[in-house]
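The following questions and answers are meant to be read beside the sequence and the model. Please keep both in view while working through them.

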Amino acid sequence: MTIHFIGVGPGAADLITVRGLNLLQRCSMVLYAGSLIPEDVLFAKKSGANCVNTAHLTLDEIITIMAATHADGEDVARLHSGDPSLYGAIAEQMRRLTALSIPYTVTPGVPAFAAAAAALATALTVPGISQTVILTRTAVRTDPMPPGEELASLGRSQATIVIHLSINNLAAVVRDLTPLYGIDCPVAVVYRASWPDQHILYGTLDTIHDQVKAAGFLQTALIIVGQTLGGCNFRESRLYASDYRHSQRGVS
């Protein structure tokens, strides 16, 4: 049978895709990270399905459950928060399954950065200001960043930067980006985007650290840095200009 990696979105249960929901409802085994997957999603599982919280398990133990369920002729729903392609530790799971000749599929999910942008009611790419979004993290207790991917290097682009898994490293984020973006550069921190207890902080590189410290955010928060957060002072896109010609709209 098949292991289905399913991105269930950033938190709100109704942000799971239709495909993901259909797969979840037919799998006999559901593996999920308890701290990141909303219980409302689990309520949609197949009746009688076995649910296992993998937060306390090792990779070997997770693969053992997958292999055993596969051997029993049953499908597995492996739930990942957000989109599984981003910081989901999915690559090593797929490599193990390939070595065991166990088939798998991947269903994308709404990524946390998209939910955060929606919560902020902002665009991450704005004409004349930023046309690039960098998704990254910083090294805290996990693997070090590859050479050239430090914030001090990435920030030279002046692109919009979305920083995952780094709220406990915010002081270093501010230290590395301030010389490149300036102390007045807008910053937004979105805590638990799309969850019922979602909370948003707006500030600058000069103020955001004290704001986050006062709020007590310890995890599950995205940091967004860039001038696209700075309001309405930007030029309009050429895409909808009256004199812009393209295949779907001619110019009289």
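Q: Which residue of β4 does Ile-3 stand opposite?
A: In this predicted model, local features need pLDDT of at least 70, side-chain atom pairs count only at pLDDT 80 or more, and totals for chains, interfaces and linings use all residues. Residues are numbered from 1 along each chain as its sequence is written, and side-chain values use heavy atoms, leaving out hydrogens and water. Strand β1 (residues 3–7) pairs with β4 in the parallel sense over five bridges, where strands are DSSP runs of E of at least two residues and helices runs of H or I of at least four, numbered from the N terminus. Within this pairing (pairing requires at least two DSSP bridges), the residue opposite Ile-3 is Val-76.

Q: How many residues of strand β4 are buried?
A: One side of β4 presents Val-76, Arg-78 and His-80, the other Ala-77 and Leu-79, and all are buried (under 20% relative accessible area with a 1.4 Å probe, protein chains only; over 50% is exposed, and values in between are partly exposed). Strand β4 (residues 76–80) is therefore largely enclosed by the rest of the structure, its buried residues numbering five of the five.

Q: Which residue of β4 faces Leu-31 across the β2 pairing?
A: Strand β2 (residues 29–32) pairs with β4 in the parallel sense over three bridges.

Q: Which residue of β5 does Phe-5 stand opposite?
A: The β1 and β5 strands pair in the parallel sense over four bridges. Across from Phe-5, β5 places Val-106.

Q: How are α7 and α8 oriented to each other, roughly parallel or roughly antiparallel?
A: Their axes come within 10 Å and cross at roughly 170 degrees, axes being lines fitted to C-alpha atoms, for helices over the stretch in contact, with angles from 0 to 180 degrees between N-to-C directions. The contact (heavy atoms within 4.5 Å) is made by Leu-170, Ala-171 and Val-174 of α7 and Ile-208, His-209 and Val-212 of α8. Angles under 35 degrees count as roughly parallel, 65 to 115 as roughly perpendicular, over 145 as roughly antiparallel and the rest as oblique. The two helices α7 and α8 are therefore roughly antiparallel.

Q: Which strands do the buried residues of α5 pack against?
A: In helix α5 (residues 112–120), the buried residues are Ala-115, Ala-116, Ala-117 and Leu-120. Just after this helix, Ala-121 takes a positive phi of about 50 degrees. The packing partners of the buried α5 residues are β8, β9 (199–204) and β10.
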